Every structure is written in C-alpha cells, then in structure tokens.
Amino acid sequence: MVTMMMASITLDGDTDPVVLRVTGRLLTVALGAVERAMPSVPSGTKTLKIDLSDVEAMDTGGAWLLADLGRKLEAEGCTVEITGATETQQALLKTVTDAIPDEELVEAPARGLIPFLDRFGRRTVGTGEDIVSLLGFFGLILVRLVGVLVRPWRLRAAALFTHMEETGLKAVPIVVLMGFMIGVVLAFQGAAQLSQFGAEVYVVDLIAYSVLRELGILLTAIIVAGRSGSAFTASVGSMKLQQEIDAMETLGLDPIEVLVVPRVLALLIMLPVLGFIANIAGLVGGALMSWMDLGVSPGLFVARLYEDIDGWQVGIGMIKAPFFALVIGTIALWQAMQVEGSSVSVGQRTTASVVQSISIVIALDAVFSIFFSIMDL
Amino acid sequence: MDGAAVPLGDTAPDTTREVVIRVRDLVNQFGKQVVHDHLDLDVYRGEVLGIVGGSGTGKSVLLRTIVGLNRPKEGSIEVLGVDVLNGPEAERLQVERRWGVAFQDGALFSSLTVLQNVMAPMREHLKLPRAMMKALAEVKIGLAGLPPNAADKYPSELSGGMRKRAALARALALDPEILFLDEPTAGLDPIGAAAYDELIRGLQRALGLTVFMVTHDLDSLYAICDRIAVLAEKRVLVTGPIEDMTSVDHPWVKEYFTGPRARAAQAKKKS
C-alpha cells in the first residue's frame, strides 16, 4: 500500500549556512504537493545545506526534486551540500543527477508564414514525386502482366485462384445485394416521376440505361476498392513491414511477380464478372419493383429490354471494368509498398489506398461518360 | 549423483531474506501440453535473478504468469505480499504499479514518441503537473542511458538497442520495486549487451530494484545475476549462484554451464 504521508521540507534561514531540512517519505506519488509546499531559498544564498537525515524513503522522483533544486541553485552561484544521506540515497542522487538532460527539450512546432510555406512546398513536391512513382509502378505492373501473358508458366496459378476467390467469389453476396437494392431504388424513384406523365413503361429504359451503363459497374468497383483494395494494402503492407519483401528479393524472387501480378490479375478477371452479376441483380430488383409498384409485368419488362437495349449498352458498362480493376490494384499495391516504420503506417496507407482508388475510379468514370457522349455511343 | 552435487529442486527457502515474489505449485497447461508442473520459486528483495532454460521450457510463460498476462491452471503467486491471482482487485492494481516490465522487443506504443511512452504510465497513475512529469520522464530516459534527443523520436526511428533502453525507461516510469526483463540482451551486439548489463546493475544498486530476468546470455548471467534459477522438466530444477551451477548433476544444466560458450563467458568474467 502506498502511504500517503507526504514529505515536508522546512527552511532554516537563520543559521549560516542555510539549512533545508527534508523529513518523511519523499516519493513521486506526492511530488506535486511537495513542490508546491517547498519553501523558496532566498536569493543570494551562498551556501545551502540539504539535510536528509530524517528522510524515511526516497525514490527517483524525490531525488530529481533535490537534484533539480541543486542544479538551479548552483547555476546561480550557490554551493549546495547534501548531508545526512545514507549510502543508497547518495548513490540514487548521483545516478539521477547524471541522468538529468543538460538542456530542456523544445517541443513546440514552428509556426508562422515561412514554416507554412515550407510545409506547403514540401508537400507539393512530395505529391509530384508520388505521382511519378505511382505511374512508374503502374508501368512496372503492365510490363510484368504482359510478361506473364507471354510466358504463362511463370504465373503463380495457386495465388491467382486464391485471390480470385477472395476478391471475387466472396464478394458475390454483397454485390448482389447492392445491385438489387439499386434496381429497387431506381424503379421506386422513376415510378414516382414517370407516373406523372403516364409514362410508367419507360421505367424499364431508366433502370436498364442507368444500371447497365453506369451504376452496376461503378458501384461494384467502389465496393471492391473498399473490400479488396484495403485488404491488399494491409496484407502486403504488413509483409513490407516484416521485411518479407526484402527477403523475397534476396532470394531472387520478384515481389511484383509473386505478390502484385496475381492480385491485379485476379481483380482484372473478377471485377467484370462481379459487375455483370451486379447488372443482373439490378435488373431483377428493378423488374420486381416495377411489377409491384407500377404493374409492369416481368414479361413486359423483358420485352422492353429486348426492344430498347442492345448489347452495346452492356458493353459500354463492361468495358470500364478492367480499367477500374487496374486503378484499384495499382493504387492498393503501390500504397502497400510505401509502408515503412510502424504499424501506424499500415493503417494510414490503407485509408489512403481506399480513398484514392474510389476517387480515381469516379473521376475515370466521368471521363468515360464524356468520351462516350462525344463519340455518340 | 556424487556427494558434492547441489541438490535438485528449489533450494530450501532462505528465511532470513524478504521474499518479494513467491510462486507455489504453479501449473500451466496449454491444451494437452503441460508447461509448468507444480513449479515453486522464491525471489528475494534486492537480488538479480536470472531465469534460464532451454527453448520451450516456459521461461517467458513464467514471467507472463507472474505479471498477470497468463492465467495459470493451478497454484498461487504472491508478489510483495499480495495474492495476485485471487486477491482483491484494488490490492492487485496497487501491486501492478510497483513493478515494471520491459518486453523483449520493447513493445513501445508506436504512435507515441519515447517521451510520451515514458509519460503514459505517469499520466495514468500519478497526479503531477505536466512540466514535472515531463522532467521526470526525461530523467528516466537519461537513467536508461538514452541521449536527450531520443526523447522526441518515435520507436520506429530507433535502433533495436535504443528501443530496449526506451522500454526500460518506460518500465522505470513509476519507480517500481521489481523489474521484469524478458531477454534484455537478445539481439544486441556484445558491446551493447555488456553496456546494458552494466546499466541494469547500476540501476539495480542505485534504485534498490529487484530484477527478474529471463535470459539466454551467459555473459549476463556471469556479470550481473546474483542467483540463477534453471527451468527444466517443467519446474525450477535448481537455484543458486552461478558458481554452484557447474556442479549440478543434470545433463542439460551440465551442458549449459560447462559448454564452450560458458567457459568463454567465465574466462571473460575472471579477466
């Protein structure tokens, strides 16, 4: 149990030299109160005696208090003498005195316009360097992908299938749910608007165009970026941290070929598949809602689909999938390769990976939309 | 067994010295694998006790069990007179503030600087002004033999040896009476390891610490351990000063303390 009996420090100023008498237990627990209650040594004191003969216990905190006091007084030209200390107390005082750093640490970060500009400049340059590095990494992945296509026996088939299962098969339920819900929402919203004009039957076109051309594949890409992109960054980033990637290189294994190519290839294969599944689920959800809400029978829904939608509409959606896959894979694995230092870095890089790949996927989707509209597709 | 041999088993408790850690009938079992089978151990105040044993004999498990990170199947553990397994919660919390643990790889909080790491237990347990806490933390960092500029660094910016010292500084944060060290010199170069041994010895003397040290380092055993406890056959096979170890009649102990590395360490100590 910690005894709460606090040490008391009294100053005997009448004698020469001045005596500072410490009694009781001088422990860290009560150090704040002891310091507040400590009498101040009159300035101009030439010699101070610190009498420790009544000290019952002293720990490093207590020793620090005395050593710090002594240090400050000695800086003012006062001689400090310690009396009545036991051998252990002397050793403790000496050890603690030696451990006090000579200068106070300056913690405050620099403020003001110049440091701000300095940081701004550094970040700008850093971002530029990151973009160059990312593009270089993208090129490296493309080269290795082509290399694997030319020499298929170099492909790590087991890893590829594992990642296809992880990123593809296991994502099917969430993608189906998401697609179905999007179809339902579109039908619901479309019905409310179109019924004002008595044009309910056009809900089929609304759903088909938006799901097939845009939403199915875009939302699938966003889900995959959040689900698999983050997993890639976290797992490969941890490998980087554990020096597994260094170990591979010393063993003559190419980390790009072993770690990156199977993952990117798995995304390239599975994202179109998932997008297609999302499209179907979206149409099913839309058809179901149209039937229940607008009385558009499934037969009529399918007939309208055949009439108005050609295969090219599906193609325009699907053509984007491999691009999205490359974006997600490249960013996730590039971020993983940037991990360094501690596990905090893995978390930061994983967040950055998801945010960046989702933003770039959406930006890329906008570019595709503009391109297709200019081309009148 | 010849006549001069030290008897196996924990030697008869020395009743003249204060026991700070008392382990009795400890049984640790993971699945079907029994690690400790009715293990007894006493640690006396102010000593440096080295725990040795082959890989998988449960040295680290013993340390983890004493500090409460692993719940044993049976047995009792008393630290500073408090039953740490079944005693009242408040008493156990009190006792936890009176020991410090330095883990093998430091186990520093990676998102905090060294100074913040050392201040973390102080903020939790002490009501002191911030400036004083900072000054005290700087002293602990100095005590652990780190240069003042290390205080502002993050653990990932430190070398392995410096991380171990930072972990020691954090373990000393609350002025513990007992210091637990898990493989303190593993992964250090011989010069760094010797310096660390010296540091522990110096701190132990100046602060009056009791040190419980799991180690493989024969040099450390010769240089700083007052007593050695050998774990083998699921219990403490023998305890005693290192000089006694060479006469223990047990194949593992014999090989450990009379092998070429042991002889080299002994020669180094004598010179």
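Predicted model: local features only at pLDDT ≥ 70, side-chain atom pairs only at ≥ 80, totals over all residues.
**Chain A and its domains**

Chain A is divided into domain 1, which covers residues 8–99, and domain 2, which covers residues 130–374. The C-alpha centres of these two domains of chain A lie 70 Å apart.

The side chain of Asp68(A) is joined to that of Arg71(A) by a polar contact of 3.2 Å.

**Where chain B meets chain A**

The contact between the chains takes 28 residues from chain B and 28 residues from chain A. About 2400 Å² of area is buried between chain B and chain A, and carbon and sulfur atoms give 67% of that area. The count of salt bridges between chain B and chain A is zero, while three residue pairs are found in polar contact across this interface, both residues being at pLDDT 80 or more. On the side of chain B that touches chain A, helix H4 (130–143) and helix H6 (190–207) of chain B each supply at least two residues. It is H4(B) that gives the most to this side of chain B, with ten residues. Sorted by class, the side of chain B that touches chain A has 14 nonpolar, five polar and nine charged residues.

**Salt bridges**

Over all chains, a search of the whole structure finds 25 salt bridges.

| Pair | N to O distance | Relative accessibility |
|---|---|---|
| Glu257(A) and Arg156(A) | 3.9 Å | Glu257(A) 11%, Arg156(A) 31% |
| Asp42(B) and Arg24(B) | 3.1 Å | Asp42(B) 3%, Arg24(B) 23% |
| Lys254(B) and Asp249(B) | 3.6 Å | Lys254(B) 37%, Asp249(B) 35% |

The side chains of Glu257(A) and Arg156(A) meet in a salt bridge with an N to O distance of 3.9 Å. This pair links distant parts of the chain, 101 residues apart, with Glu257(A) in helix H9 (residues 255–294) of chain A and Arg156(A) in the loop between helix H4 (113–150) and helix H5 (157–167) of chain A. Glu257(A) counts as buried at 11% relative accessibility, whereas Arg156(A), at 31%, counts as partly exposed.

In chain B, Asp42(B) forms a salt bridge with Arg24(B), and the closest N and O atoms of the pair are 3.1 Å apart. Here too distant parts of the chain are linked, for Asp42(B) is in strand E2 (residues 33–44) of chain B and Arg24(B) is in strand E1 (residues 19–30) of chain B, 18 residues apart. Asp42(B) counts as buried at 3% relative accessibility, and Arg24(B) counts as partly exposed at 23%.

Lys254(B) and Asp249(B) also meet in a salt bridge through their side chains, at 3.6 Å from N to O. Lys254(B) is partly exposed, with a relative accessible area of 37%, and Asp249(B) is partly exposed as well, with 35%. Elsewhere in chain B, a network of salt bridges links Glu18(B), Arg45(B), Arg98(B) and Glu177(B).

**Residues with positive phi**

Most residues other than glycine have a negative phi. Gln243(A) has a positive phi, near 65°, and is a residue other than glycine. Gln243(A) is found in the loop between helix H7 (203–241) and helix H8 (244–250) of chain A, where its relative accessibility of 52% makes Gln243(A) count as exposed. In chain B, Leu80(B) likewise has a positive phi, near 50°. Leu80(B) is found in the loop between strand E4 (74–79) and strand E5 (82–83) of chain B, but counts as buried at 15% relative accessibility.

**Leu218(B) and its surroundings**

Leu218(B) has its place in helix H7 of chain B, residues 218–224, and is buried, with a relative accessible area of 12%. If neighbours within four places in sequence are left aside, Leu218(B) is in contact with Tyr256(B), Phe257(B), Arg261(B), Ala262(B) and Ala265(B). From Leu218(B) to Ala137(B), the distance from C-alpha to C-alpha is 32 Å, and the two residues are 81 residues apart in sequence.

How values were computed: Residues numbered from 1 in each chain as written. Chains lettered and ligands numbered in written order. Heavy atoms only, no water. Polar contact = N/O pair within 3.5 Å; in protein donor to acceptor, adjacent residues only side chain to side chain. Domains from an automatic or database assignment. Salt bridge = Lys/Arg side-chain N within 4 Å of Asp/Glu carboxyl O. Helix = DSSP H or I, 4+ residues; strand = E, 2+ residues; numbered from the N terminus. Buried < 20%, exposed > 50% of the residue type's maximum accessible area, 1.4 Å probe, protein only. Contact = heavy atoms within 4.5 Å. Buried area = accessible area lost by both parts, 1.4 Å probe. Nonpolar A, V, L, I, M, F, W, Y, C, P; charged D, E, K, R; others polar.
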